[in-house]
Amino acid sequence: MSKLSADEAAGNYVSENDMMKLPISSSPSSPSSNGGKGSSGCSNRALVVKRILRATLLFVAATVGCFIISGFLLGSYYDNGLSSHQAKYTLDTVLRNASMKDKTIILTTLNDAWAEPNSIFDLFLESFEIGSNTKWLLKHLVVICLDRKAYARCLASHPHCYQLYTQGANFTSEATFMSSEYLDMMWRRIRLLSSILDSGYNFVFTDTDIMWLRDPFPQFYSNADFQIACDFFNGDSYSVNNFPNGGFTYVKSNHRTIKFYKFWYFSRKAYPKKHDQDVLNKIKFDRFLTQIGLKMRFLDTLYFGGFCQASKDFNQVCTMHANCCVGLENKVNDLKILLQVWRKYMSLPPNTTAKPQLSWTVPQNCRKMTNVRTTLVFMAAAAVAGCFIAYNFVYPPGFLYDGLAPRLPSCRNTIPPPQQASTLGNQLEDNMDPLDKILKNACMKNKTVIITTLNDAWAEPNSIFDLFLESFNIGSNTKWLLKHLLVICVDQTAYARCLVIHPHCYLLYTQGANFTGEVFYLTPDYLQMMWRRTQILSSILDKGYNFIFTDTDIMWLRDPFPQFYPDADFQIAADKFMGDSYSFKNAPNCGFVNVKSNDRTIGFYKFWYLSKYTYPKTNEQEVLNRIKFDPFIGKIGLKVRFLDTKYFGGFCEPSEDLNQVCTMHANCCIGLENKVNDLRALLQVWKKYMSSPHNATGTSQAVWTVPQNCRMRNSVVFDVTEKRINMWTTLVFMAAAAVTGCFIGYNFVYPPGSRYDALAVTPHLPSCRTTTPPSQQASTVVRLINY
């Protein structure tokens with residue numbers, strides 16, 4: 001064995017030739033020259049110990065380094081593996097691989113908390129394994145994972161997994177009921193389901209805390225578009241008074257369900273801080289569902305039970321839901337017991353299972369919550385019954401309310417009187433909606449109609465409506481448009497008057513509303529009329545018709561179609577035009593709009609209508625001014641243009657060129673009498689212009705003599721507006737001065753750097769500064785639904 005040189009012991013490089021020159025060490029038994037006790041022996045042993053220590057340290061260092069590097073590489077491999085898997089299997093691919101022959105899939109969502117071993121997800125999959133004729137359904141189950149851990153866990157135990165990425169959201173931990181994370185999760189789910197319907201897939205959506213004990217498809221209704229489980233079932237599958245539970249739904253993809261899910265998702269803005277199930281309980285009564293013809297059924301708890309109302313027949317039950325239960329631990333405990341009971345049932349001999357003596361031993365941990373829910377339901381029922389009794393005591397049947405005494409709020413839905421057959425000559429086909437028939441008769445070849453609304457006050461002879469029709473008759477190339485004009489009458493008197501002088505009239509019934517007299521600006525009747533108008537226009541878009549809506553106080557002087565923008569979905573007139581048709585700084589006027597029927601405009605009109613709840617006591621034009629900046633407009637891709645007042649003028653900003661003007665609006669004018677006076681004067685100017693020689697009209701010297709009566713009204717309005725602006729300016733400066741003084745006083749008492757002592761006697765001044773919340777960044781990753 002060769003000895004180490006001093007250089008080698010120090011770790012220096014030693015060549016092979018140098019190694020050959022080193023002396024040979026003596027064996028332990030060989031005597032040295034000094035009797036075996038010389039310094040050379042000690043030196044050799046020290047060198048060996050150093051070598052062993054150094055080798056050990058190098059080994060340890062190498063091991064730790066390899067461990068760190070391998071961990072990094074494995075982590076990278078793991079991340080890249082998930083990423084590559086996600087890239088390879090898009091949602092469309094996963095859905096296609098999992099779907100049945102009729103494009104039906106089973107869907108559930110999963111987050112990390114519910115994906116833990118021996119937690120909800122394992123129990124969910126186990127139920128399919130031990131259920132009666134349910135195992136085959138697993139190959140059609142798609143698990144939508146809300147975080148990376150849940151996705152990794154899913155891939156280890158199931159073939160069809162998809163990770164849904166939502167920027168800024170964290171759905172990893174248990175989402176507490178009604179927390180902001182819970183609400184985000186629920187509404188993200190509705191949006192995803194809507195997009196899946198758009199892709200043409202039918203689906204059964206199931207919460208992961210639902211145990212699948214028997215194939216449910218034989219118990220679904222064959223003629224329903226949308227069927228949903230219930231917390232409490234009242235015995236009638238058609239009754240909207242059932243208590244639905246959005247955790248289990250069977251939905252067929254068609255135009256009705258696609259519209260319904262979009263309406264459902266949009267309705268979250270009308271009912272903020274409510275989850276999808278509460279909103280469904282609100283909108284299930286909405287007439288929009290009837291308008292689109294949605295066939296809705298509620299599933300019997302005999303087959304689709306839960307902890308709220310358990311199925312009582314083991315031979316019929318298909319699913320059991322851990323509803324009416326809060327807390328992951330409670331759910332896991334009771335679902336494990338539920339599966340134990342089911343195993344016991346499945347182990348019984350066939351002749352015994354025909355009449356099983358078993359009963360559910362759940363809920364246990366969840367029972368307290370069930371009792372609370374049941375108590376609340378009974379309390380609510382008692383309150384409704386008490387209100388009903390009190391109402392009938394104060395206003396007994398047959399009592400005629402005279403309108404003078406204060407009326408108690410009604411506890412009953414007022415049923416509209418039966419619509420009597422019109423005696424004025426509009427006999428309708430039995431199997432066609434009256435509005436559909438009139439639209440069909442009035443529309444152009446491209447399904448475009450011109451629409452206006454009319455009430456009794458404006459329909460009087462020699463009033464607005466007569467002037468409106470006269471403008472078509474004396475306008476330049478406008479008379480032909482009258483056969484495409486649909487007049488929607490909001491009262492019976494206006495309807496009778498319309499039928500006398502125009503072929504396309506429709507009576508719009510609005511329960512509890514009276515639009516007969518002159519409706520003053522921003523009164524409750526005015527607001528109701530304006531929003532009713534927006535609602536009916538939305539339904540016309542749903543029917544596939546494009547429309548030009550025009551107020552009746554707009555004079556049609558020239559065919560407007562050549563001046564419309566061909567690439568716009570929604571184009572609207574302006575009170576004041578800023579010179580840029582794309583600029584949202586224009587002041588729109590909803591009295592004149594041209595709208596194409598497509599997914600974007602249908603979605604927009606629903607969003608617009610529902611926004612009235614966000615901005616109460618505000619008319620539709622003011623709401624439009626607020627929502628036109630909403631990111632939703634950009635998300636749906638709506639193409640908006642504002643019409644130039646050169647072609648579409650009004651009393652706010654008249655068109656200056658009679659050779660170009662198409663329409664003139666009596667806007668910026670309040671009062672029926674003022675409008676009638678000035679519109680007559682306007683038509684006189686137009687008749688004079690039209691009677692001029694052709695060479696004169698080419699460079700017309702004619703000018704408007706209006707507004708006249710409306711000008712005084714305008715000056716009053718502008719004076720009031722100016723005073724309001726001055727008042728608000730003063731208030732803003734006063735507020736700014738108060739904030740500044742408060743800030744200076746605060747910093748004087750508590751200079752920067754001083755620490756406020758909570759035990760001191762001196763009270764803490766209230767902070768003059770408000771914390772500004774971080775701006776909400778629009779998601780650029782989530783795939784948006786195209787409405």
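Trainee: At what angle do helix α17 and helix α23 pack, and how far apart are their axes?

Mentor: In this predicted model, helix α17 (residues 464-474) and helix α23 (residues 672-690) pack at an angle of about 15°, and their axes lie 10 Å apart.

Trainee: What makes α17 and α23 roughly parallel?

Mentor: Angles under 35 degrees count as roughly parallel. The angle here is about 15°, so α17 and α23 are roughly parallel to each other. The crossing of α17 past α23 is left-handed.

Trainee: Which residues make the contact, and how do they divide by type?

Mentor: From α17 come I464, L467, E470, S471 and I474. The residues on α23 include L672, V676, L679 and W686. The contact of α17 with α23 divides into nine nonpolar, one polar and four charged residues.

Trainee: Why do β5 and β9 count as edge strands?

Mentor: The open sheet has three strands in the order β5-β10-β9, with mixed pairing. β5 and β9 (304-306) each have a single partner strand, so one side of each is left without a neighbour in the sheet. From one strand to the next, the twist averages 20°.

Trainee: How do you know that β5 pairs with β10?

Mentor: Pairing takes at least two bridges. Three bridges join β5 to strand β10 (residues 319-321), and the two run antiparallel. M211 stands opposite M320 in β10.

Trainee: Where is confidence lowest and where is it highest?

Mentor: Helix α2 (residues 16-21) has the lowest, at a mean pLDDT of 40, and strand β5 (residues 210-212) the highest, at 98. Over residues 1-42 the pLDDT is below 50. Where pLDDT is low, the predicted coordinates should not be read in detail.

Methods: Residues numbered from 1 in each chain as written. Predicted model: local features only at pLDDT ≥ 70, side-chain atom pairs only at ≥ 80, totals over all residues. Heavy atoms only, no water. pLDDT = per-residue confidence, 0-100. Helix = DSSP H or I, 4+ residues; strand = E, 2+ residues; numbered from the N terminus. Contact = heavy atoms within 4.5 Å. Axes fitted to C-alpha atoms, helices over the stretch in contact; angles between N-to-C directions. Parallel < 35°, antiparallel > 145°, perpendicular 65-115°, else oblique. Left-handed = near helix turned anticlockwise from the far one by under 90°. Nonpolar A, V, L, I, M, F, W, Y, C, P; charged D, E, K, R; others polar.
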